[in-house]
Amino acid sequence: MFKLIRRNLLRNKRRTILTVLSIAIALILLSFLDLLLAAMSGVNSANANRLVVRHAISLTFSMPAAYEQRLAALEHVEGITIMNWFQGRYIDDRPENFFPRFGTDPDTFPDVFPELALSPGEIDAWRAERTAFIAGRALAEEKGWEIGDVITVEGDIYPVDIELTLRGVFTHPTDEAAERVLYFDWQYVEEALGNPGQINSFYVLLDSPDNMNETIAQAEAMFENSPDQVRAETEAAFFLSFLEMMGNIQFLFSAIGLAVIASIFFITVNTMAMASRERTTEVAVLRTLGFTRSRVLAIVLFESLAVGVLGAAIGLAVMPVVTGAISSVLATQGITFSELRLDDRTPTLVMGIGVFLGLAAGLVPALQAMNMKIVDGLRRVA
Amino acid sequence: MIPVKYNVRSLFVRKANTLMTIVSIAFVVLVYVGVLALGAGLRVAFTASGDNSTVIVLRDGANSEMESYFPTETHRILASMPGVARDADGEPLASGETMTLQILERLDGSETNAVLRGVEDGAFDLRPYIRIAEGRRFVPGQTEIIIGDQLEGEVGDLELGSAIDLGRFTFTVVGIFDSGGSSYGSEIWGNAQEFGDSFRRQNYYSSTRLMAESPAQVEALIEEIESSQQINVTAQDEPAYFEAQSNISSGVFLRLGNLIAIMMGFGACFAAANTMYAQVAARSKEIATLRVLGFRRRTILSVFVLEAAVLGLAAGALGALLALPLNGLSAGTTNFMTFSEVRFMLRTTPDVLGAGVLVATLTAVVGGFFPALSASRAPITTLLREG
């Protein structure tokens with residue numbers, strides 16, 4: 001029986017190949033959208049043990065620097081550092097020159113971000129010099145920076161131009177987007193501004209993820225009656241809030257995904273219909289030879305299933321190349337997401353849709369073949 | 001030459017097959033048009049916000065109102081500049097405004113960054129297209145606000161008469177304004193000084209808008225502002241300011257749309273190829289007959305390419321038709337320059353629909369080319385035998 005299916009698929013090789021390829025492409029697109037959505041939420045690089053504290057009104061409001069000590073005194077806090085979004089302009093406004101530039105505290109930063117690998121020598125060099133900065137490997141390679149290079153960032157949010165010297169290059173074990181960031185000593189800007197003592201956000205490392213909710217409640221309650229109330233949330237929730245602000249992008253992507261599925265569905269149905277129309281006589285002959293109705297049904301369904309599964313398999317095989325190519329193109333446009341990695345979910349999703357497509361598309365031709373009267377089939381000339 | 005009618009009829013012979021191919025390509029068009037309509041809608045909203053005789057002034061170095069702040073004194077200096085137009089009472093047409101972001105909850109529980117714009121009366125004089133659709137304007141000193149038409153029903157508590165905590169004070173919604181399709185429709189407006197007090201940011205403005213005597217005087221006014229020794233600001237005309245915001249945000253949709261169109265286009269292209277191969281195979285006798293009658297290979301090629309084009313046009317038309325109801329749908333995205341949410345309506349403009357039809361036609365023609373080529377190249381004897 002399987003030989004028969006194989007033969008049938010190979011009968012019109014070109015048609016089978018074209019259909020399989022269009023399924024593969026559509027599935028690549030689908031899972032790319034899925035990955036993009038996951039990557040945009042930044043969940044890949046969020047540390048389950050860290051929380052972010054910011055002003056309750058919105059990110060454009062800042063908190064007094066003195067909050068750091070009070071937060072550090074909370075029971076489960078192991079480490080805390082400051083994070084100020086400097087933004088600014090590096091060289092020009094072109095998107096490829098836009099990357100996150102944060103002012104932080106080199107004394108506490110390495111403890112709160114243990115996953116960012118820096119050598120002890122680099123950490124010391126960063127701490128020793130007010131104008132030193134560190135950059136992720138991906139960013140440094142892209143810009144061609146070497147240790148000791150000096151760059152200038154023109155201030156826009158803050159009316160200060162800063163001149164920074166590269167003293168360290170860090171890596172992130174899994175997330176390339178986390179390597180496209182620059183960190184410098186906020187004290188540099190603080191002094192230039194006349195020490196206003198205002199902080200955008202605090203990153204807090206806890207002793208255990210189990211104490212997350214308790215600490216969030218404590219942190220928010222601590223400043224409940226202060227003029228500057230705070231909002232504390234997990235790092236993952238913090239990243240997700242950026243995605244939420246992008247509006248109904250999730251809905252948009254799902255709508256696109258549905259249309260893509262609808263499109264390949266019709267393509268596959270069409271192929272299966274064409275294939276079965278050609279073989280009406282043949283099916284009748286099979287029946288005459290003693291193949292049962294359910295056998296015939298199975299043959300046509302399996303054939304269609306094979307097309308769907310084959311498309312999904314090819315899609316999965318090619319996907320790393322395609323997503324890699326797309327994300328490197330996006331990166332040059334200044335759009336960097338967490339690395340688009342194929343997680344465990346992707347193969348399941350792709351295969352699932354492949355199987356569904358194959359079965360759904362083969363159903364009508366299969367039922368037709370099954371219910372056909374032998375005499376009709378023999379009479380019809382293909 | 002063979003009449004086009006021949007192609008259309010030929011496509012009709014295998015109705016089911018042709019129809020399914022058309023539908024599959026039409027879905028590609030639907031997606032492409034949908035994404036482009038998002039970009040177009042966003043562009044319309046930003047374009048409607050820009051007035052070509054208005055100059056917007058920000059702190060030097062700032063890219064958007066969100067990053068900008070300067071003392072109210074700077075605004076007074078700006079308003080008194082000779083290049084600024086004056087109203088009937090001799091008052092300068094100038095508006096100092098504050099911009100604040102506030103996290104608000106949407107109806108579905110997710111969160112958004114809403115823009116609170118603190119204004120004085122001048123804000124309305126400079127934007128005559130903004131008018132109250134329901135209720136009335138806010139009265140300074142009464143902690144009242146008005147909301148843009150795009151916000152109504154989108155964000156939890158915002159409707160006429162509702163009260164909402166913004167900063168230290170509780171404000172009452174007393175009006176909903178018609179934003180004329182502009183990006184101001186996503187904003188909450190209230191008295192500048194009240195917002196300043198509520199958020200403890202007194203005596204500052206984020207931006208000043210100045211009306212020049214005429215669009216032709218805009219350049220001179222910008223020159224005058226930037227050469228002033230008293231103040232450290234940057235000035236540009238409003239259309240340029242909004243153009244930059246629009247490019248960044250709608251560019252994302254354009255790129256996404258193109259990426260999807262290219263990938264899905266390949267898939268649809270294969271579908272078209274399948275259909276056209278089937279057409280060619282089913283009509284080998286016919287092709288042979290045409291050849292015997294003296295039609296040349298080139299003509300056969302053009303017949304099938306044309307047929308594919310007809311297929312593509314039909315798919316494009318269907319896709320565009322399916323996409324038409326998207327027009328006017330409300331959507332929201334981040335304004336990447338101010339990090340606030342801007343809400344707008346999808347626009348299926350003729351440009352956008354045309355691009356969709358073009359993509360469908362191209363897809364079908366590319367997909368149909370190789371089958372057409374094989375039809376034109378096959379020897380007559382083979383064709384006759386095959387049929």
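This is a predicted model: local features need pLDDT of at least 70, side-chain atom pairs count only at pLDDT 80 or more; totals for chains, interfaces and linings use all residues.
1. Buried here means under 20% relative accessible area, exposed means over 50%, and partly exposed is in between (1.4 Å probe, protein chains only). Helices (H or I, at least four residues) and strands (E, at least two) are DSSP runs, numbered from the N terminus.

2. Residues are numbered from 1 along each chain as its sequence is written, chains are lettered from A and ligands numbered from 1 in the order in which they are written, and side-chain values use heavy atoms, with hydrogens and water left out.

3. Now the salt bridges, each a side-chain nitrogen of Lys or Arg within 4 Å of a carboxyl oxygen of Asp or Glu. A:Glu129 sits in the loop between H5 and E6 of chain A and A:Arg167 in strand E8 of chain A, so the pair ties together parts that are 38 residues apart in sequence. A:Glu129 counts as partly exposed at 25% relative accessibility, and A:Arg167 counts as partly exposed at 26%. Another salt bridge pairs A:Glu142 with A:Lys143, where the closest N and O atoms are 4.0 Å apart; A:Glu142 is partly exposed at 38% relative accessibility.

4. In chain B, look at B:Glu97, which forms a salt bridge with B:Arg127, the closest N and O atoms being 2.9 Å apart. B:Glu97 belongs to strand E3 (residues 94-105) of chain B and B:Arg127 to the loop between helix H4 (122-126) and strand E5 (131-135) of chain B, so this pair ties together parts that are 30 residues apart in sequence. Are these two residues buried or exposed? B:Glu97 and B:Arg127 are both buried. Salt bridges that share partners join B:Glu65, B:Glu97, B:Arg117, B:Arg127, B:Glu187, B:Arg209 and B:Glu238 into one network.

5. Helix H1 (residues 4-13) of chain B has B:Asn7, B:Ser10 and B:Leu11 buried. Viewed down the axis of H1(B), these buried residues fall within an arc of 100°, so they line one face of the helix. The face turned away from the buried side of H1(B) carries the exposed residues B:Lys5, B:Arg9, B:Phe12 and B:Val13. Among the elements that cover the buried residues of H1(B) are helix H2 (15-49), helix H7 (238-282) and helix H9 (297-323) of chain B.

6. B:Gln279 is found in helix H7 of chain B and is buried, with a relative accessible area of 1%. Setting aside neighbours within four places in sequence, B:Gln279 is in contact with B:Ser10, B:Leu11, B:Arg14, B:Thr18 and B:Glu307.

7. A:Ala232 lies in strand E12 (residues 230-234) of chain A and is buried, at 6% relative accessible area. A:Ala232 and A:Glu220 are 12 residues apart in sequence and 6.3 Å apart in space, C-alpha to C-alpha. Apart from neighbours within four places in sequence, the contacts of A:Ala232 are A:Leu51, A:Val52, A:Val53, A:Ile216, A:Ala219 and A:Glu220.

8. Finally, the two chains together: 50 residues of chain A are in contact with 56 residues of chain B. Between them the chains bury about 4,400 Å², 65% of it on carbon and sulfur atoms; buried area is the accessible area (1.4 Å probe) that two parts lose on being put together, summed over both. The count between chain A and chain B is one salt bridge. A:Arg231 forms a salt bridge with B:Glu111, the closest N and O atoms being 2.8 Å apart.

Terms used
Contact means heavy atoms within 4.5 Å. The arc is that of the directions from the helix axis to the C-beta atoms.
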